[in-house]
Protein chains: 2
Amino acid sequence: MKLSKLVGDRFKERPADCIIDSHALMLRGGYIKYVANGIYSSYLPLRRITHKIEQIIREEMDAIDGQEVQFPVALPASLWEESGRYESVGKELLRFADRNGSPMVLGMTHEEAAVQLVREYGQTYSRYPFMIYQIQTKFRDEARPRAGLIRVREFTMKDAYSFHTSQEDLEEYYMRCHAAYERIFARVGVPEVISVASDSGMMGGNLSHEFMLLTPVGEDSIALCDACGYRANMEAAECITEPVSACSEDGSRNSHAPLTEVHTPDCHTIEEVCAFLHSTPEMSCKAVVYQKNTDDSYIVLFLRGDLEVNETKLTNYLGCEVHPAVITEDSGLTAGFIGPYGLTKCLAAGSTVLFDRSLEHAADIVCGANRPDYHYTELSIDRDLAAEYDISFHDFAKITEGGICPHCGKKTIRISRGIEVGNIFQLGTKYTEAMHMEYTDSDGSVHTPVMGCYGIGVGRLAASVCEAHHDEYGPIWPLSIAPWQVHLCAVRVDDASVRACADSLYQQLNGAHVEVLYDDRSVRAGIMFSDADLLGIPYRIIVSPRNLSEHCVELVSRDKSLQEKVPQEAVVDRIRQLLREER
Amino acid sequence: MKLSKLVGDRFKERPADCIIDSHALMLRGGYIKYVANGIYSSYLPLRRITHKIEQIIREEMDAIDGQEVQFPVALPASLWEESGRYESVGKELLRFADRNGSPMVLGMTHEEAAVQLVREYGQTYSRYPFMIYQIQTKFRDEARPRAGLIRVREFTMKDAYSFHTSQEDLEEYYMRCHAAYERIFARVGVPEVISVASDSGMMGGNLSHEFMLLTPVGEDSIALCDACGYRANMEAAECITEPVSACSEDGSRNSHAPLTEVHTPDCHTIEEVCAFLHSTPEMSCKAVVYQKNTDDSYIVLFLRGDLEVNETKLTNYLGCEVHPAVITEDSGLTAGFIGPYGLTKCLAAGSTVLFDRSLEHAADIVCGANRPDYHYTELSIDRDLAAEYDISFHDFAKITEGGICPHCGKKTIRISRGIEVGNIFQLGTKYTEAMHMEYTDSDGSVHTPVMGCYGIGVGRLAASVCEAHHDEYGPIWPLSIAPWQVHLCAVRVDDASVRACADSLYQQLNGAHVEVLYDDRSVRAGIMFSDADLLGIPYRIIVSPRNLSEHCVELVSRDKSLQEKVPQEAVVDRIRQLLREER
């Protein structure tokens, strides 16, 4: 391929709306073009990269007995009604009607289609286990697409579905797939990707992991424990706290002082109240109010004043989506002064009151008094609320930096950011049961198979590799997924000897089945090299009058680890050697 | 791959709703599964076939300097508004709104997206010509999906777009692409595919060809001339007729008898009128009435009584879609008795009257008299209609079997049926002009590039190969696209020597990189062979106790051209030799 014929423009200026480097570099290098919000076209260099990633994924999926299939992009709504997700999934599921008015959806994941494909095949135990996968376009109508290929609306994804006759068999296969994922990420050049426990979200099921590339620009937050190796998405990480009480130092959990109402004029925030009462957020009870999306009824959630609500845990507990509340007069709530004691007397009917477990046995704490400018001090959860509530405490809080590790119990939690490049789920029987998939066992008994599912976003992975491996001048593609292996630069191509040498090398490299991009444009060396940096090809051969005067060409690697002068007749063999070594 | 693990069911009974063999065989062989009207999932065998077809297409597109890119499946409506097709294309363009209410479409072809991708790149003459292509999922909301993968709503298509600075350059590239298509069809095993001139339809442009697999089950009709080689889709074939007149035998075109109104009681059809008046359909003027889809105004089209209307020609002429008329009292039309003479006096305002060129200079013919139970005889178009109409004749009729070849003029036209497996279009500047794509020439002048586009449906091509190459037992896949190269059958696998020999051959074949499907199931030979027939793999190795007693295995080809006994230690070499020979 000659660079002069490569469709796509490369340019120097970083587009203003790019918040992460991979987005900027993929635009600047002629990899992608914006079509609509969260929707891009790809040029040849990215197509070559994604082909290679897809082929690596395919090989690893085949190696764990996967069978490639293909599901439709456009699916009848009836399939999603069978699983119940037509109703339960939000607006990210794009729903539309065809020319006859039949409701349809654009597939954003294919559990339903997978069960539909194998429901008859899987009627006999002897056919289990099996795994099917596809590499196909998906559409997810994201509210906020961002960061180039990291969060788009249309994307190519490998999605795999395994079927088993027991949870144990699923777990064993799940670990095989986990290992296959580690091989995939290593092969595409990001062995640093780690797996973290995750929330299963709309997929359902029991256990799931996300594969994360740790990077400050990631949109996920991950809790890590360096002491024991615990790793979990913040959404899923259990928040553990110690009970708080002013008297707890002497071992007693009971408050001695009685509940006391105090005037707290002009104190609207936790900080203002704490300053006024010489308390701390830890010794306070905070109220966060939501409304259910379904009926706008109120959810009043109490948690320790220094903690934040983990909305994923809240919606999982409720089984429905929520939004921050608009507090009206009808609500019975006094914004800024909401507290648990006496709340039920004024609260609107149909509201829900929840307690985070950070408040379990808490005593001597401050809370709102449910009237303007008043708070209570010395609240004891056990003593003062027993008559009003039948409290059960749940985990609704976000884990915090320096917090307690849910696995080893040490105060060692560290929060990092990451990009999710893959995920695996133990789905259990959620889909097979809802869609009436059954098999007959060897003893004639009928059972519901258990399922796993396993996804990798191809475009997002390409962008993540770029994010992990680039410098200020462009991506540094790993050889395994680079668009070409060698970038041949003819500097001063108007010089007959340069032209002759470069043309000859181009022929020889093609003949040796080396993937070579040949820049034979009559442009300044600076332009040639900045274009080469943007294309990020691992090896670069530079033919120039100066090199040729020394009977050499220059061979450099994009990551600068290699820089040598090689006699022109030896360079093809040297390249072949380098490619062999990296394999 | 072991057949016992292959996901998908094979069965004997032909599904009742299959009108063509490839549809039935692909269902029976576990290639596809119905998901919704015109929407299928694919199992592994078809995925392997389409991968090979895609790779052949990719190689041939790359060989004519194509660059693989990828366009989105979901496109903003604004792109289609730029070209004008958002309005002009019918319901087969699936339109929907995203979560924010923005209008979008599912891509059924990507001219607009192609121009959007290269509009900036192509601003300089020196970058021309170039061609970009993708292999991607498309959605076309067909009114009547049919015949399995032949006419579906969702499909995978290779679509290519070339850009040129002159019509001559486009034409030259068009011929290169024509040749590449011939190579593709030959390589996938259907060298018998022919190209025919076609109607450009909604794509616009000047010249186009379709590649047709001739088969009685095809849904297209093709006019062929064996005398001169003329080949055209019926939709596009010019219909040529000789002028009719009772007096024409003496060389005179003028009718001597005057226009005469006659009572024709109970004669409603052409046949009844002809029988009553002792005339022939050829000597009659038939009226066919349509209404425009846009405003329901009437189109009255007159043509020779023995001819049919080619609606493609009619809608191309009108520039809008039409539907068969509902004749109301307001129309001014007398159904069954419509004729051109005196029609304008009664016809509703805003109606259009058209004349097919088969009526040019026609004389002595019969036509309706525009009142119930009356016809005219001895109508002379030239003599009787000159005062009422300023007639211009156009070609609106279907070419007929035995009709005149528009190329050589002989009465040699033969009509065949065919499946369209590819198409190529010279688009001219329809899209580049509408979407304001321009380039600056070497002299500084600004021009609009000309475009070509080139499509192949991958799934339809797979089904067409099956249609062309099958017997009553299953497909006979050409080696180049077969899901596997060798089908290894272990008959009586419970016999230890059979098991040992088959296992060893399976290992050796895999080791020699031969694609092998191994049937090691403990089933009757009949079941094994009928499954093998349905999978249609070119070479079959049969290991059985009887063969082994002769120290041989059996090697047969699916098309029965080869049947030999080979010593078991020689069969891997023999297979490798056969695969080499076919390459």
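Predicted model: local features only at pLDDT ≥ 70, side-chain atom pairs only at ≥ 80, totals over all residues.
Visitor: Which residue stands opposite Val105(A) in the pairing of β4(A) with β6(A)?
Guide: Strands β4(A) and β6(A) run antiparallel and are joined by three bridges. Here the residue opposite Val105(A) is Leu75(A).

Visitor: What is the order of the strands in the open sheet of three strands in chain A?
Guide: The edge strands are β4 (74–76) and β5 (95–97) of chain A, each pairing on one side only. From one strand to the next, the twist averages 40°. With antiparallel pairing, the order in chain A is β4-β6-β5.

Visitor: Which residue in the turn of the hairpin of β5(A) and β6(A) has a positive phi?
Guide: The hairpin of β5(A) and β6(A) has five residues between its strands. The positive phi, about 85°, belongs to Gly101(A).

Visitor: What is the reach of helix α6 of chain B from its first C-alpha to its last?
Guide: Helix α6(B) covers residues 167–187, which is 21 residues. At 1.5 Å a residue, the expected value is 30 Å, and the model comes close to it with 30 Å.

Visitor: Within what arc do the buried residues of α6(B) fall?
Guide: The buried residues of α6(B) include Leu170(B), Tyr174(B), Cys177(B), Tyr181(B) and Phe185(B). Seen down the helix axis, the buried residues line one face of α6(B), because they fall within an arc of 135°.

Visitor: Which exposed residues sit on the face of α6(B) turned away from its buried side?
Guide: The buried residues of α6(B) are covered by elements including α2 (44–63), β8 (154–164) and β21 (413–428) of chain B. The face turned away from that buried side carries the exposed residues Glu168(B), Glu172(B) and Met175(B).

Visitor: Which residue just after α6(B) takes a positive phi?
Guide: The phi in question is about 105°. The residue that takes it, just after α6(B), is Gly189(B).

Visitor: Which strands of chain B stand at the edges of the open sheet formed by five strands?
Guide: The sheet has the order β16-β14-β15-β17-β20 in chain B, and its pairing is mixed. Two strands have a single partner strand each, so one side of each is left without a neighbour in the sheet. They are β16 (322–324) and β20 (393–394).

Visitor: What is the bridge partner of Asp356(B) in β20(B)?
Guide: Strand β17 (residues 352–356) of chain B pairs with β20(B) in the parallel sense, over two bridges. In β20(B), the bridge partner of Asp356(B) is His394(B).

Visitor: At what angle does α8 of chain B run to β16(B)?
Guide: Helix α8 (residues 311–318) lies across β14 (285–292), β15 (298–304), β16 and β20 of chain B. To β16(B), helix α8(B) runs at about 135°.

Visitor: What is the bridge partner of Val553(A) in β31(A)?
Guide: Strand β30(A) pairs antiparallel with β29 (residues 539–543) of chain A over four bridges. With β31 (residues 563–567) of chain A, strand β30(A) also pairs in the antiparallel sense, over five bridges. In β31(A), the bridge partner of Val553(A) is Val566(A).

Visitor: Is Glu472(A) buried or exposed?
Guide: Glu472(A) lies in the loop between β25 (470–471) and β26 (474–475) of chain A. Glu472(A) has 8 within 10 Å, so Glu472(A) is exposed.

Terms used
Residues numbered from 1 in each chain as written. Chains lettered and ligands numbered in written order. Pairing = 2+ DSSP bridges. Axes fitted to C-alpha atoms, helices over the stretch in contact; angles between N-to-C directions. Expected span 1.5 Å × (residues − 1). Buried ≥ 20, exposed ≤ 12 C-beta atoms within 10 Å, placed from the backbone. Arc of directions from axis to C-beta. Contact = placed C-beta atoms within 7 Å.
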